[in-house]
There are 2 protein chains.
Amino acid sequence: MEKLKEHLKKFIDIDPIELEEILGYFKTKMVAKKENILEEGQVCKYHFFVLKGILRKFFVNEKGVEQTTEFAIENWWITDNMAFEHKLVTSFYIQAVEKSDLIYISQENQEKLVAAFPIMERYFRFVYQRAYAAAQMRVKYLFSLSKEEFYHDMLRKYPEFVQRVPQYLIASYLGFTPEYLSEIRKKINL
Amino acid sequence: MEKLKEHLKKFIDIDPIELEEILGYFKTKMVAKKENILEEGQVCKYHFFVLKGILRKFFVNEKGVEQTTEFAIENWWITDNMAFEHKLVTSFYIQAVEKSDLIYISQENQEKLVAAFPIMERYFRFVYQRAYAAAQMRVKYLFSLSKEEFYHDMLRKYPEFVQRVPQYLIASYLGFTPEYLSEIRKKINL
């Protein structure tokens, strides 16, 4: 919870006593590598925050292949937002890429929290604004970059991340087969 | 401004006197069909809200083709969020698809507004949360649906919208040529 406290203080000015009350709305969870914290067909009740580790969100396409749509690393929130907001059944999975420490909050508690502490509206406004901007850029890249360019861009912008995540998941995020990624990597190393 | 007032009241409980002050942060603008309100290379200073009409956001790809990434109809906000938040030069255009009535607010005024009226943090939290959820679904559809399925899905969910927008722009949004769209439409009408 200390890490969440430090994180929140970066975004909002907050009284230390209020901050302790705010932390009471969140819970912690440790998950093993490859553990699913959300599965297709479940009602999406929680919003997850990564303290340590990596989560990924994926769906299984009609060919039975896992398509990764998002990663969340330290200090990012992740959920199926459409399902979370409306308490609907999700068509996504969220899975731990490595052993991870998480914070999570239920949809009801998030609503109660922002009602009780309007400063948290400001915090979540920042969270969603940043995430929305990132999603807009993702859509642009999906249209403007070839798959190979997309990989090079990722490697340039997030070299540590690309090292940290198994290559078949990077391939799944970029929308190509592990074999194709391996060919691209060979070309770079030539 | 009456329309904006009605819109805001749907999201937040607000004192009528405060509401009048809040409206003072926004300006109105009428734009002609095909008028650009943002162009590639400009600093993205404004956040636009559609009172009446349709806006679209696009970029020009390396082949010189306009790729539409978003539409905004009545009661939606649109901007290049990454550039807006950080006052950066944009790589997008925003253009009126039809004659439109808009509300807009500068980045500075939006910051001042949420600082002066915390209830507006709640409003913008809703705006960004909804937009983020929609962008997440867009990414999923880009991976899971063929271009033809994407068109059928749009036709089923937003029939009026598909009627209202010129077909070459629907094609641009879906990422295919107007000729290909015309073929798909012929198949439907057979």
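This is a predicted model: local features need pLDDT of at least 70, side-chain atom pairs count only at pLDDT 80 or more; totals for chains, interfaces and linings use all residues.
Let me begin with B:Leu38, whose place is in strand E2 of chain B, the strand that runs over residues 36–38. Is B:Leu38 buried or exposed? With a relative accessibility of 4%, B:Leu38 counts as buried.

Now to the aromatic side chains. Over all chains, the structure holds 36 aromatic pairs. A pair of aromatic rings is described by the distance of the centres and the angle of the planes. One of the pairs is formed by B:Tyr46 and B:Tyr104, with 5.2 Å from centre to centre and 85° between the planes, an edge-to-face arrangement. Because B:Tyr46 belongs to strand E3 (residues 46–52) of chain B and B:Tyr104 to strand E8 (residues 100–106) of chain B, this pair ties together parts that are 58 residues apart in sequence. As for accessibility, B:Tyr46 counts as partly exposed, at 32%, whereas B:Tyr104, at 18%, counts as buried. In chain A there is also an aromatic cluster, and among its members are A:Phe11, A:Phe26, A:Phe49, A:Trp77 and A:Tyr123.

Where does A:Phe92 lie? A:Phe92 is in the loop between helix H3 (81–86) and strand E7 (93–96) of chain A, and with a relative accessibility of 1%, A:Phe92 counts as buried. A:Phe92 and A:Gly41 are 51 residues apart in sequence, and their C-alpha atoms are 8.1 Å apart in space. A further case is A:Arg138, which lies over the face of A:Tyr173, at 3.8 Å from the ring centre.

Let me turn to the helices, beginning with the contact between the chains. Helix H5 of chain A and helix H5 of chain B, each covering residues 119–144, pack with their axes 8 Å apart and at an angle of about 30°. Since angles under 35 degrees count as roughly parallel, H5(A) and H5(B) are therefore roughly parallel to each other. The crossing in which H5(A) passes H5(B) is left-handed. The residues of this contact between H5(A) and H5(B) comprise 16 nonpolar, two polar and eight charged ones.

Within chain A, helix H1 (residues 2–11) and helix H2 (residues 16–23) pack at an angle of about 125°, and their axes are 11 Å apart. That angle makes H1(A) oblique to H2(A), and the crossing of H1(A) and H2(A) is right-handed.

A:Val162 lies in helix H7 (residues 159–164) of chain A, and A:Val162 is buried, with a relative accessible area of 0%. A:Val162 is 11 residues from A:Tyr151 in sequence, and the two are 9.3 Å apart in space, taken from C-alpha to C-alpha. In chain B, we find B:Glu70 in strand E5 (residues 66–72), and although this is a glutamate, B:Glu70 counts as buried, at 14% relative accessibility. The C-alpha atoms of B:Glu70 and B:Ala131, which are 61 residues apart along the chain, are separated by 11 Å.

Terms used:
Residues are numbered from 1 along each chain as its sequence is written. Chains are lettered from A and ligands numbered from 1 in the order in which they are written. Side-chain values use heavy atoms; hydrogens and water are left out. Axes are lines fitted to C-alpha atoms, for helices over the stretch in contact, and angles run from 0 to 180 degrees between N-to-C directions. Helices (H or I, at least four residues) and strands (E, at least two) are DSSP runs, numbered from the N terminus. Angles under 35 degrees count as roughly parallel, over 145 as roughly antiparallel, 65 to 115 as roughly perpendicular and the rest as oblique. A crossing is left-handed if the near helix is turned anticlockwise from the far one by less than a right angle, and right-handed if clockwise. Ala, Val, Leu, Ile, Met, Phe, Trp, Tyr, Cys and Pro count as nonpolar, Asp, Glu, Lys and Arg as charged, and the others, Gly among them, as polar. Rings of Phe, Tyr and Trp (its six-membered ring) pair if their centres lie within 6.5 Å; planes under 30 degrees apart count as stacked, over 60 as edge-to-face and the rest as tilted. Buried means under 20% relative accessible area, exposed over 50%, partly exposed in between (1.4 Å probe, protein chains only). A charge sits over a ring if NZ of Lys or CZ of Arg is within 6 Å of the ring centre and within 35 degrees of the ring normal.
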